[in-house]
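This report describes selected features of the structure shown below.

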Amino acid sequence: MKIKTTISLLLLVIIASAFIYDHPPQKLTYLKLVIPKGWPKPPANIFASNPLTEEGFQLGRKLFYDGRLSKDGNFSCAGCHQQFAAFATYDHDFSHGFDNSFTTRNAPGLFNIAWQKELHWDGGINHIEVQPLTPLTATNEMAETLPGVLKKLQADTAYIRLFKNAFSDGIINSQHMLKALAQFTGSIQSYNTKYDKVKRGEATFTVSEQLGYKTFLASCNSCHKEPLFTDNSFRNNGLVVNEKLKDKGRMTITGNPADSLKFKVPSLRNVTLTFPYMHDGRFNSPGKVIDHYRSGIDITQPTVDTLLKKRIAISNQEKIDLLSFLLTLKDEQMIHDPRFQQPD
Amino acid sequence: MPAYLKNLFFIPGLFFVLTGIAQTNATIKISFINTINHQPVVLDSTSYTNCWNETFTISKLKYYISNIQLQTADKKVIREENSYHLIDEADTASKSFSFLVPSNKYTSLSFLIGVDSLKNVSGAQTGALDPLNGMFWTWNTGYIMFKMEGYSPQSVAVNNKIEYHIGGFSGANTALRKIELNFGSNEVLSKTQQPTEIIIQTDIGKIWNATHDLKITQTPVCTTPGALAAGIADNYSKAFEIIKIISQ
């Protein structure tokens, strides 16, 4: 019996070493998400089952910028999520998709996703890893199929190498593709605006910015809560319904009439880059958005937010100062960060 | 010498080690037979009639079976590891699967029709849960637990389609259903090297009348979570029964 055990153990060791011989342990460079000082903890660890590595990040970056993820090769993720626009679509109410089509909602900026529990304007997506399935397969976006994309990736030597670098078995499948994309998009962070620098004592607001900040705290902060500049809730801000789109927002997902016309509160970080505004891109300047809150809210809608029932009183001078404060939320470092640029 | 040849030498050793570990285990095989009006389902070609005298064909029939548990006579619960199976009528191999359990006397079997809520909120999965299998919603994250498509002249939907994509994993309208099936007097005495096959038959026609009366005329399509989806799930949850246990 003892001999049998010894032989078994010995064999196990030999088998294990043969396995290691064939599959040398990978050299992965582990990365960490930055949790800026004073920020709340992310609601969940988006990298809990997807360890963030340089290798995974670089694979995700290549995928993000690759038009071949779309049916006709024309539409990459980056096509609608442009770095110079804080990863929104610059100056477009709706983005362009396959075969001259339009999306039906305004593309949001991509940053600080680790702090978002739900993605999309209606919160329909509950995990960063599965989000790309929507644009990838939507006929008015990238219009591809999962088997179609995987076939292209599996035939590409650069991807074969990158998947091997990032994942121990090197398999090119949907799970690895989605996890790699999540490593890239989840790493895009905005925490180096002038506002952040003021908070860290590295810069000071001008008088107008300071006054605008005061107005912001009094009139905007309950929904666009600092430091993320959103509380990630879903609210109806009283926009007159677009009769063509008839977009019910959050109710589409929950089926609950109380959620009718509610949309996710977007972050105001990089707000001067992500115009036009609202889920349908109907306002093309921050001033018009402020005017909506001052006088445009349709307060007759039953689900309009309680905080907006009396609209928001903001004087003309306060509006001017508020606009200068909003400019301090632009993150030059993020939009010029070479790590987020198209790879060579 | 190539590495794979070198590894070949260790296969007998591996076998030796594994049999040592597996000595107290036995194989349980579970097979599914989908039927309508007591006849095995044939996709596309056969026209069926439901209890409301509505006629239809079936072009797709797929559902998830997950979280399989067996209960022993002494009330121990044995769970299948990584228990996710997609039963696809179009794929014969998918309709039966085997796993190892400790040798024991078993009295009942339970499973979920669908994918448990945790896997619905945990990001990209692979294997049976790969979104590649066409059982994953991209507009409202979650698995389609049960999918049936076909045609009926009574359907008012475009091209007379029937389309039931049943899902939703949380709240009052969850489509998850736990099924418990007793072995009754046919207790499974599972012993070493003796595979036992449990054959489960589904009566797909139950979709229209097991608990709730549903007609193709009124509801040919259900593709969102909600009360209708939950009602259809109630109905098909009554469709599963053990028809045979084969012990060698």
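Chain B of this predicted model has an average pLDDT of 90, and 88% of its residues score at least 70. Residues 15-23 of chain B, however, have a pLDDT below 50, and this stretch makes 6 contacts in the model beyond near neighbours in sequence. For the complex, the predictor reports an ipTM of 0.86 and a pTM of 0.89.

**Aromatic pairs and charges over rings**

A:Tyr65 counts as buried because its relative accessibility is 15%, under the 20% limit. A:Phe184 also counts as buried, at 0% relative accessibility.

In chain B, the ring planes of B:Tyr63 and B:Phe240 meet at 85° with the centres 5.6 Å apart, so this pair is edge-to-face. It too links distant parts of its chain, 177 residues apart: B:Tyr63 lies in strand 4 (residues 55-72) and B:Phe240 in strand 16 (residues 240-247) of chain B. Both B:Tyr63 and B:Phe240 are buried. They belong to one aromatic cluster, whose members include B:Phe32, B:Phe97 and B:Tyr236.

Charged side chains also lie over aromatic rings, as the table shows for A:Arg339 and B:Lys215.

| Charged residue | Ring | Distance from ring centre |
|---|---|---|
| A:Arg339 | A:Phe57 | 4.2 Å |
| B:Lys215 | B:Trp52 | 4.7 Å |

**Helix 7 of chain A**

A:Phe184 is among the buried residues of helix 7 of chain A, as are A:His176 and A:Lys179. Which elements do the buried residues of helix 7 of chain A pack against? They pack against helix 2, helix 3, helix 4 (133-137), helix 5 (146-154) and helix 6 (157-166) of chain A.

The length of helix 7 of chain A agrees with expectation, because its 12 residues at 1.5 Å a residue should span 16 Å and its end C-alpha atoms are 16 Å apart. At the start of helix 7 of chain A, a side-chain oxygen of A:Asn173 comes to within 3.3 Å of the backbone nitrogen of A:Gln175.

Note on methods. Residues are numbered from 1 along each chain as its sequence is written. Chains are lettered from A and ligands numbered from 1 in the order in which they are written. This is a predicted model: local features need pLDDT of at least 70, side-chain atom pairs count only at pLDDT 80 or more; totals for chains, interfaces and linings use all residues. Side-chain values use heavy atoms; hydrogens and water are left out. Buried means under 20% relative accessible area, exposed over 50%, partly exposed in between (1.4 Å probe, protein chains only). Rings of Phe, Tyr and Trp (its six-membered ring) pair if their centres lie within 6.5 Å; planes under 30 degrees apart count as stacked, over 60 as edge-to-face and the rest as tilted. Helices (H or I, at least four residues) and strands (E, at least two) are DSSP runs, numbered from the N terminus. A charge sits over a ring if NZ of Lys or CZ of Arg is within 6 Å of the ring centre and within 35 degrees of the ring normal. pLDDT is the predictor's confidence in each residue, from 0 to 100. Contact means heavy atoms within 4.5 Å. The expected span of a helix is 1.5 Å times one less than its number of residues. A polar contact is a pair of N or O atoms within 3.5 Å; within protein, one must be able to donate a hydrogen and the other to accept it, and residues adjacent in sequence count only if both atoms are side-chain atoms.
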